[in-house]
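Reader: Could you walk me through this one, starting with how the helices meet?

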Amino acid sequence: MLLTVMIAGGLFLGMIAILARGYLQIEQERNGKVTDVPAVQPGHCMLCNAPLRRPGTVDEAVFEVQRRIDTEIQDVVAILDRAGPATSYSRLYQS
Amino acid sequence: MTPTRSPSAASPPGASDSLGDAELFAGLSDEHRRSLAALARERRAEAGEILFRLGERAEAFLVIRRGRVDLTFPLLVMGETRETRFQSLEAGRTLAWSALVAPYRLTMGARATTEVEMLAFERGPIERLFQEQPLMGHVVMSNLAGVVAARLHELLALWVREVQRNVSQTYR
């Protein structure tokens, strides 16, 4: 009789422990404290971590580089053309 | 001292007028421009033609009369080297200024993006002309300093911006 009560008590406590652990895990997920998921890097795929918007061909890559230089150089030339107060010059080195 | 050629029919037609719009010859008198025009040689290029490459020896500088030229630098992309545009230049702008500054090596490449007409000036005759007429030499070299300084400033700004971007991303 005593042995039966001890086994049933053990099973009951084990069940309570499993339920408590599940409850705590749900609470952690709800609070965003899950630590075993890798952080998503900006500019990278959240699934495979591959860089996003990567040009597929050499032509596309060169086009993208030239587009970026064009944008920057137009801004730089505009600032240099307006050269005057030191405040406008400070923007020269800030993208 | 080798005598300078006098203005003659050998200079390209309208060369003297073209020099009036050239950034390198701003502030020169008509007489000075005629002297320079006499040393000019016409050069043409088709769209897409490579005019020169980075690191080549610069024997003559060029002034664009018509058309557009891209200044380029070699960029290694996915194992392939491509001439990549840094800046586009149009009429009046100077190419290959390194021909006037030691060690006479070109600091960028150039590629015609349209059909282009240019005036070419060989270093030797130009240096002799400047020795004979130091005032003209002073004006042209001052203008040249302005051209080089502007390019340096533009490149410096691009470089510092890139460094700033990297620092901002690394040390957030």
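Author: Happy to, and one definition comes before the helices: a crossing is left-handed if the near helix is turned anticlockwise from the far one by less than a right angle, and right-handed if clockwise. Helices (H or I, at least four residues) and strands (E, at least two) are DSSP runs, numbered from the N terminus. This is a predicted model, where local features need pLDDT of at least 70 and side-chain atom pairs count only at pLDDT 80 or more, while totals for chains, interfaces and linings use all residues. Residues are numbered from 1 along each chain as its sequence is written, and chains are lettered from A and ligands numbered from 1 in the order in which they are written.

Reader: Which hand does the crossing of α2(A) and α4(B) have?

Author: Take helix α2 (residues 58-81) of chain A and helix α4 (residues 134-170) of chain B: their axes come within 10 Å and cross at roughly 125° (axes are lines fitted to C-alpha atoms, for helices over the stretch in contact, and angles run from 0 to 180 degrees between N-to-C directions). Because of that angle, α2(A) is oblique to α4(B) (under 35 degrees is roughly parallel, over 145 roughly antiparallel, 65 to 115 roughly perpendicular and the rest oblique). As for the hand, the crossing is right-handed.

Reader: Which residues of α4(B) does α2(A) meet?

Author: Contact here means C-beta atoms, placed from the backbone, within 7 Å. From α2(A) come E72(A), I73(A), V76(A), V77(A) and L80(A), and on α4(B) they meet H153(B), E154(B), A157(B), L158(B) and R161(B).

Reader: How many bridges join β4(B) to β5(B)?

Author: Strand β4 (residues 69-77) and strand β5 (residues 80-89) of chain B run antiparallel, and one of their bridges pairs L76(B) with T81(B). Their hairpin has 2 residues between the strands, and M78(B) takes a positive phi near 50° there. The number of bridges joining the two strands is 9.

Reader: And which residue of β7(B) is the bridge partner of D70(B)?

Author: β4(B) also pairs in the antiparallel sense with strand β7 (residues 109-112) of chain B, over 4 bridges. Within β7(B), L71(B) has A110(B) as its bridge partner. For D70(B), the partner is R111(B).

Terms used
Two strands pair if DSSP finds at least two bridges between them. Two residues are in contact if their C-beta atoms, placed from the backbone, lie within 7 Å.
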